[in-house]
Amino acid sequence: MNINGRDITAADIVTQLDMLHTGWCRLMYKCISTDVQFLEDMGGTTYEKRQLLDELIEYFIVTEEYEKCAELVKLKEC
């Protein structure tokens, strides 16, 4: 595929999506861990908030950042 004069492959797109997902997970973790009220002030149901925490926990398990997982699990239990 040619976009703006550059040849872009499917692998390039997948790599970019992985980088976006990584950035999103790290940003959400930073927001949640630095602002105690973030989850409470965030819109959505309790179920949706737990889904967010589950997704972040899964990401940090894959990246083997278990300290962050532990903090998120504590938040999930509250």
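Modeller: Y59 counts as buried, because its relative accessibility is 10%, under the 20% cut-off. F60 is at 0% relative accessibility, so F60 counts as buried too. Keep in mind that this is a predicted model.

Now the rings themselves. A pair of aromatic rings is described by the distance of the centres and the angle of the planes. The structure holds 2 aromatic pairs. One of them joins Y29 and F60. Their centres are 5.3 Å apart, with 65 degrees between the planes, and the pair is edge-to-face. Y29 and F60 are both buried. Y59 and F60 also pair. Here the ring centres lie 5.0 Å apart and the planes stand at 75 degrees, so this pair is edge-to-face as well: the angle is over 60. Taken together, Y29, Y59 and F60 make up one aromatic cluster.

Follow Y29 back into its helix. α1 has 25 residues. From first C-alpha to last, α1 reaches 36 Å, close to the 36 Å expected at 1.5 Å a residue. Which residues of α1 are buried? C25, M28, Y29 and I32 are. An α-helix has 3.6 residues a turn, so residues three or four places apart point the same way. The cover over the buried residues of α1 includes α2, α3 and α4.

E65 is in contact with F60 and with R26, leaving aside its neighbours within four places in sequence. Is E65 buried or exposed? E65 is buried, because its relative accessible area is 15%, under the 20% cut-off. E64 lies in the loop between α3 and α4 too, but E64 counts as exposed, since its relative accessibility is 56%, over the 50% cut-off. The backbone of E64 also deserves a look. Its phi is near 60 degrees, a positive value in a residue other than glycine.

Back to α3, for another of its residues. Q51 has its place in helix α3. At 41% relative accessibility, Q51 falls between the cut-offs and so counts as partly exposed. Q51 and K76 are 25 residues apart in sequence, yet 9.7 Å apart in space, C-alpha to C-alpha.

Last, the largest pocket. About 280 Å³ of space lies in it. Of the 13 residues that line this pocket, L39, E40, L53, L75 and C78 are the closest to its centre. Which helices each supply at least two residues of the lining? They are α2 (38–41), α3 (46–62) and α4 (66–77). α3 gives the most, with 4 residues. By class, the lining has 6 nonpolar, 5 charged and 2 polar residues.

Key. Residues numbered from 1 in each chain as written. Predicted model: local features only at pLDDT ≥ 70, side-chain atom pairs only at ≥ 80, totals over all residues. Heavy atoms only, no water. 1 Å grid on protein atoms, 1.4 Å probe; cavity = no way out; pocket = protein on both sides within 12 Å on 5 of 7 lines; lining within 4 Å. Points joined across faces, edges and corners; volume = space filled by probe spheres on them. Nonpolar A, V, L, I, M, F, W, Y, C, P; charged D, E, K, R; others polar. Phe/Tyr/Trp six-rings, centres within 6.5 Å; stacked < 30°, edge-to-face > 60°. Buried < 20%, exposed > 50% of the residue type's maximum accessible area, 1.4 Å probe, protein only. Expected span 1.5 Å × (residues − 1). Contact = heavy atoms within 4.5 Å.
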